[in-house]
Amino acid sequence: MNRRILIGIGLVIVAIAGWLGYRQMHPPGRTVGSLMPSGSLLVLASNRLQDTVSAQELRTQISLQQLPVFAEARQRLDRFLYATADTATALTFIRNKNVRYSLHPITKTTLDFIVYIPITDGAADRSYLDKLTNPDPRYHRVLNHVFRNEKIFDLVARSGEQLGSFILTDDFLVVSTSGILIENVAERLHQSLSLPRSEPAFRVDADHWAGLTMRPEVLQSLFENTGSLVRLFLPESIDLQFRPSGSHTHLIGYASDEIGNRQDVADLFAGQTPRRIQSADLIPQTTATIYYIGLTDPTRFGRSMSRLLSSASGDFLRDRFSQIKSAAPAVYAALGSDVLLCRLESSGDRDARVLVLNTANPQQLKALSTAWQQVAIQAGARRIPPPVDFLGHKLLRLDVPELPASLFSSLFSGFRQSWITQHGNALIIANGEDVMQDYLQQVQRKLVWATDERQSDLLNNTLRPANFTALLRLNRQANGQMAVMANWPLGWQNLFDSQGDGVSSSFDNLETMAYQASYGNENILSTVVLGRTTRRASQAVQNRVLLQKRIELEEPLVATPIVTGSFSRGSAQFFAQTGTGQLTFISPYGDKIGPVSTDGPIRSNALSVDFLNNGRLQYLFMTDQSLYIVDPAPRKIQLKRIALPAGIDPTYLTRPRGTTHRNWIALATHANGSVYALDRQQQAFVRIASPNQKLPLLHPIQVQATPNGMTMLAAQADGTVQYWQENGAAFPTFPVRIQRKSAESALVQLASPALLPFGQAAIQLITEEGELMQLSTTGQVQKRIQLYRPVRRGVFKLFPDESQTTWLLLRETDTEVAVLNQKGEQQFDVRALQPGTTIVRYHRLGAGVTIVSIKSGAFTTLYDLNGRTIGDRPIPSDFPVALQFDAQTNELYILSGSQKTVQLFSIRMR
């Protein structure tokens, strides 16, 4: 090789070695990137996260300190910041500093932060650092050790508690509660050949409160089981700049990132102008999750979606689309601006989904409906049954699974069957008949986002126009805000559950999370929205019982008032029955309509049904001799009577679910254990199932919808379990008689019903003596556990909630009630009850609000599942109270009847 070339290469090597040696002896000014260990899940920066915020601002506005991740980062900083210095010194030191935080995994189940605080030679910094490194020995000690030639300081309380570790450099104070992470920082400091990582150019000022960079998998985990699908819409990395919304109810993070390997998704929206959600009048208040695609050129979108589905990685979607390919273009061509999937809040494990497809005009709607049915036929619908009438709508069942996913990707899956109807200029598709009925009732009552000022502000001002929007409402999860974390990795769950009691204050304050994406030629414009839309109560009114409305009647009540509408904002409407059997309707404005006469006091619960097919709901109830259908017409009560067959139990009505007999609208039980259905066409009761053992059924019986019709599960006092199909035939091996374990054991007696929880394969039972049992659906006893009996005369009962989706256990005596969890562990007990007057009910009201009401004597007391009293005083009531929770105002409404008055109370829960 040429000698000059060798000399040149040698000189280059010597120069590089010299430069590296110089940098080792005289390192340049440190940056956060040069200190940060690899593997960070997210990095955030803010100069106001460490600020103090007044209680009023925390209640009326959203702040960084109230949001998950930000709150946990602030908590780690506060634990260290105020340990050795007084508040004034600490605040002077930290004020206006652009503090960085990085989140790292320590183990598979543990995440923690590293905090990077910039320091200077100023007097405030010197004062604080002097107190940090030389604390008062009466309270703290500072130990140190050397790791990789770097001195690491450990702050230890006098009790021996490790408060944190820190490293001091010329430019930064680096802090962490994890010694492992601080050692990683030390190792990073002394990597000779390491190059500083690039840092996002976060702008932090009065208008930009924080910066956040994170991996897409962090954001995708927020969206239930579809997170992996949402990830397809995310860029490869997200660098967000946060600012407050105009209403100061949300923080909005903006980002512009390269498309990278998301070109396939970008092509899907080619030629589509970003839009706001237009169908606010079709989004019900109980919506928990929204997935939205905005369109301006539906035909072009259809061509792009067709290419995507034709090459789908899953065999099902690819094969299904090949079946419907010829009919799909007509569906896409008839679309309007919104493809909107709403997952509704529902009790238990029921998955309620509604797809809203709006159109430009009635002609387009007709074309879309026809095209959708044609797609169903090509996908395998053998026969389309005649439509069902409900609230003036024609409901059509299409027995083809996953029709929406077949046309719009797996993000729109979850439709075992499709029920379709038309409303306005939109085609509505639900994944069940009961889901469609619930949806239409909310739309008819105007319980939609368009009528809610705060939700409208969220749609019209806070969210920006986008091609794709995924929105999650944590306060509409069935088990509360923390329910969204159920499927998260354990490390994230442990990070947010740092209080150790299953409740995170940061998640209590977060109600809305949204991700929006707009796709250009080179970049993805992302928006992340975090905040809340409900009001927070001040301490002056929180948990206090407030009287909203009081209505005086001429005679004493003889039955529980029948609720016919929402209590929101104090607008109660109900039927009241007085001593002479007179039934009066009370309008939302307090007007009294009626009365009309009945042949006795109401004995049963009330059911809302569409009996007359006149576009509004009627209400069914029973007296000792009759069933009544009452229609609250605008100016006059219409009352229809149907005589009860001899032996019908007048205390219980339930609703058929999933039945193939479209005229069955209610179910009742007979004294001999038979089940009767009320036939709307015949206007009479017909017997549909009979047991061999002629004993009454224990209420409530459980009715479930299946693909082959409804099923009915019931128990009798002698330990017999009945399980019927819709045609009245018992399932194989049923009925089952539960036998005692041995001749010395007590005879099996039941005082409560059997329950088959949705999605489970074990029937739950408990005997009067407290033997907890599980039966398989083939009638085999799988498990028997004897619970502890502290009181010999106590009776155990299975205690389902009012919608029969889950259950607790009760142990009752004449003066005591104990509430137990599903394992038989006592949650709380209530004593000194009045004998013979106690009624206990289990209410799951949505938005994570679960209440046990105990009526004893002339008062009802409300409890949460930990036994804490809800409200500052009992509710006067001669009958069980009716409860509703308004998630928009965080108010619990209680309607009670006492003597000659009906009163509406409210309690601010949050």
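**Helix packing, a hairpin and aromatic pairs**

Helices α5 and α6 are oblique to each other, a class that holds the angles left over when those under 35 degrees count as roughly parallel, those over 145 as roughly antiparallel and those from 65 to 115 as roughly perpendicular. The model is a predicted one, in which local features need pLDDT of at least 70, side-chain atom pairs count only at pLDDT 80 or more, and totals for chains, interfaces and linings use all residues. Residues are numbered from 1 along each chain as its sequence is written, and side-chain values use heavy atoms, with hydrogens and water left out.

Helix α5 covers residues 87-94 and helix α6 covers residues 123-133; they pack at an angle of about 130 degrees, with their axes 9 Å apart. Here the axes are lines fitted to C-alpha atoms over the stretch in contact, and angles run from 0 to 180 degrees between N-to-C directions. Helices (H or I, at least four residues) and strands (E, at least two) are DSSP runs, numbered from the N terminus. The crossing of α5 past α6 is left-handed, meaning that the near helix is turned anticlockwise from the far one by less than a right angle. On the α5 side, T89, A90, T92 and F93 make the contact, and on the α6 side A124, D125, S127, Y128 and K131 do so; contact means heavy atoms within 4.5 Å.

Strand β30 (residues 664-669) is largely enclosed by the rest of the structure, because 6 of its 6 residues are buried. Buried means under 20% relative accessible area, exposed over 50%, and partly exposed in between, with a 1.4 Å probe and protein chains only. β30 pairs with strand β31 (residues 675-679) in the antiparallel sense over 5 bridges, where pairing requires at least two bridges found by DSSP. T669 stands opposite V675 in β31. Between the two strands lie 5 residues, and G673 of this hairpin takes a positive phi near 95 degrees.

Aromatic rings come last. Rings of Phe, Tyr and Trp (its six-membered ring) pair if their centres lie within 6.5 Å, and planes under 30 degrees apart count as stacked, over 60 as edge-to-face and the rest as tilted. By this rule there are 16 aromatic pairs. F621 and Y628 are stacked, because their ring centres are 5.7 Å apart and their planes stand at 25 degrees. F621 is buried at a relative accessible area of 0%, and Y628 is buried at 4%. The rings of Y723 and F731 are also stacked, with centres 4.3 Å apart and planes at 25 degrees. Y723 is buried, at 8% relative accessible area, whereas F731 is partly exposed at 21%. Elsewhere, one aromatic cluster is formed by F269, F301, Y332, F408, F412 and Y519.
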